[in-house]
Amino acid sequence: MTSSLRLSTVILPYQRWHDGGRDAWLRAEELGFHAAYSYDHLSWRSFRDGPWFGAVPTLTAAAAATRRLRLGTMVTSPNFRHPVTLAKDLISLDDVSGGRITLGIGAGGTGFDATALGQEPWSPRERADRFAEFVALLDRLLTEDAVTYEGRFYSAGEARNIPGCAQRPRLPFAVAATGPRGLKLAARYGQAWVTTGDPKLYETGTPEESRAALARQVEALGRACAEAGRDVASVHKVLLHGFTPDRNRPLESVEAFVDFAGRHAELGFDEIVIHTPVPDSDFATDPGVFEKIATEAPVLLGSGPSGA
């Protein structure tokens with residue numbers, strides 16, 4: 001086990017703020033989670049035809065309602081965001097929260113977000129190209145008072161971002177990546193790296209195969225960090241639970257989760273993110289067991305009562 005394993009949660013933004021939404025974020029803080037994240041989508045999977053609220057306003061409200069809980073996106077992508085406007089939102093959000101924001105950021109996929117603005121879905125190569133330019137420009141926008149830039153996909157004309165982030169030199173990036181190009185971005189710009197495992201194993205793989213694939217990803221991150229002249233230990237390693245062959249079995253009991261978390265901590269992961277239960281969905285776990293995991297698992301894993 002590890003003394004530094006953090007336990008965090010994702011709160012899906014499907015509830016009205018005054019009809020369960022606010023309570024979910026307050027409860028996450030009460031349960032002692034290290035962080036609570038929101039998915040930054042315009043709509044998502046089976047929730048497409050139901051309520052779904054924006055990540056930035058939701059996180060702003062959560063920042064005003066909570067006091068200690070770290071907050072963030074899991075993850076934001078270029079699919080419908082522009083670095084200039086996103087940077088302004090993030091600086092404002094970091095200010096409102098008193099410096100508690102982490103930007104989870106990824107290349108995006110081919111889901112509903114990819115076509116919501118009326119465009120054709122980008123190819124994998126274009127997504128990777130856009131992501132590289134997006135992250136590099138966003139880094140500048142969040143650390144420089146004024147930025148002028150003309151790129152292949154994005155531009156900025158004397159974009160002003162005074163006074164900058166509350167966190168210095170900027171709020172942390174948690175870069176979601178599994179391939180070589182994304183891992184290089186994580187090594188260069190990320191304070192954290194995020195993975196869901198190997199998606200090819202989700203349907204037919206085994207937990208053992210999944211852990212082996214994750215071990216290879218950790219090793220690849222290490223090589224990317226070495227090439228960037230950086231100690232891989234300085235990059236937090238985040239596993240978003242729910243997308244490996246284990247499915248929701250680790251959330252069936254405290255013991256099952258402790259076993260799952262311990263095995264992945266041995267691979268080098270120091271933060272595991274689980275979904276706050278959503279009835280009648282893929283995340284319809286038992287709320288009582290979920291809360292027991294939140295309060296008891298960190299103690300059993302040696303992380304202390306808050307998992308911090």
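Buried means under 20% relative accessible area. That cut-off applies to every legend below, and the model is a predicted one.

**Figure 1. Overall fold of the protein chain.** Eight helices and ten strands make up the secondary structure of the protein chain. The C-alpha atoms fill a box of roughly 55 × 45 × 35 Å along the principal axes. For 308 residues, a compact globule would have a radius of gyration near 19 Å; the protein chain has 19 Å, so the two agree. Of contacts between residues at least 6 apart in sequence, 73% join residues at least 24 apart.

Figure 2. The protein chain exposes about 13700 Å². Carbon and sulfur atoms supply 51% of that area. Of the 308 residues, 55% count as buried. The chain carries 33 positive and 38 negative charges.

Figure 3. Helix H5 spans residues 180-189. Which of its residues are buried? They are Gly182, Leu183, Leu185, Ala186, Ala187 and Tyr189. These buried residues pack against two helices, H4 (124-143) and H6 (207-227). They also pack against strands E7 (173-176) and E8 (192-195). An α-helix has 3.6 residues a turn, so residues three or four places apart point the same way.

**Figure 4. Arg211 in helix H6.** Arg211 sits in helix H6, an element that the buried residues of H5 pack against. Is Arg211 buried or exposed? Its relative accessible area is 17%, so Arg211 is buried; the cut-off is under 20%. Leaving out residues up to four places away in sequence, Arg211 touches Arg263, His264 and Leu267. Pro245 lies 34 residues from Arg211 along the chain. The C-alpha atoms of Arg211 and Pro245 are separated by 9.8 Å.

**Figure 5. Two buried cysteines, Cys165 and Cys225.** Cys165 has 3% relative accessibility and therefore counts as buried. Cys225 is buried too, because its relative accessible area is 0%. How many disulfides does the model hold? The count comes to zero, where a disulfide would need a pair of cysteine sulfur atoms within 2.5 Å.

Conventions: Residues numbered from 1 in each chain as written. Predicted model: local features only at pLDDT ≥ 70, side-chain atom pairs only at ≥ 80, totals over all residues. Heavy atoms only, no water. Helix = DSSP H or I, 4+ residues; strand = E, 2+ residues; numbered from the N terminus. Rg over C-alpha atoms; globule rule 2.2 N^0.38 Å. Buried < 20%, exposed > 50% of the residue type's maximum accessible area, 1.4 Å probe, protein only. Contact = heavy atoms within 4.5 Å. Areas by Shrake-Rupley, 256 points an atom, 1.4 Å probe, with all protein chains shown as cover. Lys, Arg positive; Asp, Glu negative; His and termini not counted. Charge placed at Lys NZ, Arg CZ, Asp CG, Glu CD.
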